[in-house]
Amino acid sequence: MQKHDHTFHHQHPFPLEAGGVLPGFQLRYTTLGKLNHDRSNIVWVCHALTGSSDFTDWWGDLFREGSAFDPKHYFIICANMLGGCYGSTGPLSINPETGKPFYHAFPTLTNRDSVRAFDLLRRELQIDSIHTLLGGSLGGQQALEWAIQQPGVFKHLIALATNAAHSPWGIAFNEAQRLSIEADPTWKENDPRAGAQGLKAARAIGMLSYRYYETFNQTQIEKDHDKLDDFRASTYQRYQGEKLVNRFDAFSYYTLSKMMDSHNVGRTRESIEAALQTVQARTLIVGIDTDILFPVHEQKFLAANIPGATYIELTSLYGHDGFLVEFEQLDSVIKHFYQQKQLSTVLS
């Protein structure tokens, strides 16, 4: 099955929840597989903070032959969210009103803005029903918000390592990363590489929240007990910073981390619990036992308040990143979810 990349153009002013307006936007999206005759096999994927629309690049094992979402049986769609840097409108896009990139003038976005943009794409594609809405971390937040905004559209919802409202702990981690970007003397410049050194430091901070103590203890332990410098953990942190800077920009990172912070499905609604109770999709909530950024009590709360939801907990050495790493466990969980009405087993 061949992947196809597309671009959706919305050529009308797009009011934003925080009060700004985008003078139109575009979304880059990737598709894989083929629609069946009654269009009942659509899987929509929401990516995480630094992900792209190419879901096979960062979650490929879930979308191969024999997997839970075998493209022989499903038509899979993923759109790069607003504010990103993989083809959708973001801070480095050209502002049609000025003819120059937005840079620091890019408006504040929320998950609700991103979801409304996705829904405009859904309508453009004349999709009335989606078999499964799937997302983890920031993508999981957006999947939840979308399932609340358009409850009749989704048959199944799978949300991984995510929450109903971003926690003070998560916001503090994101603020520490933004402070690192702001400390870069180039950050105030209108230049695509502004804040690059700060982004390296931000990513290093982020890695501490995506993994956990034992991850580093087992993967970055020193064999030379006499070493005084150039430790493996130090090299690893620098490597992760360099790796991200080579594929991402500080403007989008700053924008999307703010988007994550604003997540609260109860905002302007009766309550968080009441909002979750409007979800109509048959729901699977997945937690990671070692996740310190989105601890499992947040996923248990989701499962307790979404009608009929199933909660599963994966075991992983990799903390929050486990939702991207533990393919075999996740694939098995999703297959069982489809096969059974309720699945309450906690994997170990």
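**Salt bridges and helix packing**

Biologist: What makes the pair Asp113 and Arg116 a salt bridge?

Modeller: The side chains of Asp113 and Arg116 meet at 3.2 Å, N to O. The cut-off is 4 Å between a side-chain nitrogen of Lys or Arg and a carboxyl oxygen of Asp or Glu. So 3.2 Å qualifies. Bear in mind that this is a predicted model.

Biologist: How do you know that Asp113 and Arg116 are separated by about one helical turn?

Modeller: Both belong to helix 2, and they are three residues apart there.

Biologist: Is Asp113 buried or exposed, and what is Arg116 called?

Modeller: Asp113 has a relative accessible area of 0%. Buried means under 20%, so Asp113 is buried. Arg116 stands at 30%. That value falls between 20% and 50%, so Arg116 is partly exposed.

Biologist: Why is the pair Glu222 and Lys227 called a salt bridge?

Modeller: Their side chains meet at 3.6 Å, N to O. That is within 4 Å, so the name applies. Glu222 is buried at 17%, under the 20% limit. Lys227, at 29%, is partly exposed.

Biologist: How many salt bridges does the structure hold?

Modeller: There are 16. One of them joins Glu145 and Arg112, with the closest N and O atoms 3.4 Å apart. Glu145 lies in helix 3 (residues 138-149) and Arg112 in helix 2 (residues 111-124), so this pair ties together parts 33 residues apart in sequence. Both Glu145 and Arg112 are buried.

Biologist: Which residues are linked with Glu145 and Arg112 in a network of salt bridges?

Modeller: Glu17, Arg267 and Arg269.

Biologist: How do you know that the reach of helix 7 is close to what is expected?

Modeller: Helix 7 (residues 232-245) has 14 residues. At 1.5 Å a residue, 20 Å is expected. From first C-alpha to last, helix 7 reaches 20 Å.

Biologist: Which residues in helix 7 are buried, and what do they pack against?

Modeller: Tyr236, Gln237, Gln240, Gly241, Leu244 and Val245 are buried. The buried residues of helix 7 pack against helix 5 (196-210), helix 6 (213-219) and helix 8 (250-261).

Biologist: Why is Asp321 called buried?

Modeller: Its relative accessible area is 13%. The limit is under 20%, so Asp321 is buried. Asp321 is found in the loop between strand 12 (310-314) and helix 11 (322-325).

Biologist: What does Asp321 touch, not counting residues up to four places away in sequence?

Modeller: Asp321 touches Met207, Tyr210 and Arg211.

Methods
Residues numbered from 1 in each chain as written. Predicted model: local features only at pLDDT ≥ 70, side-chain atom pairs only at ≥ 80, totals over all residues. Heavy atoms only, no water. Helix = DSSP H or I, 4+ residues; strand = E, 2+ residues; numbered from the N terminus. Buried < 20%, exposed > 50% of the residue type's maximum accessible area, 1.4 Å probe, protein only. Expected span 1.5 Å × (residues − 1). Contact = heavy atoms within 4.5 Å.
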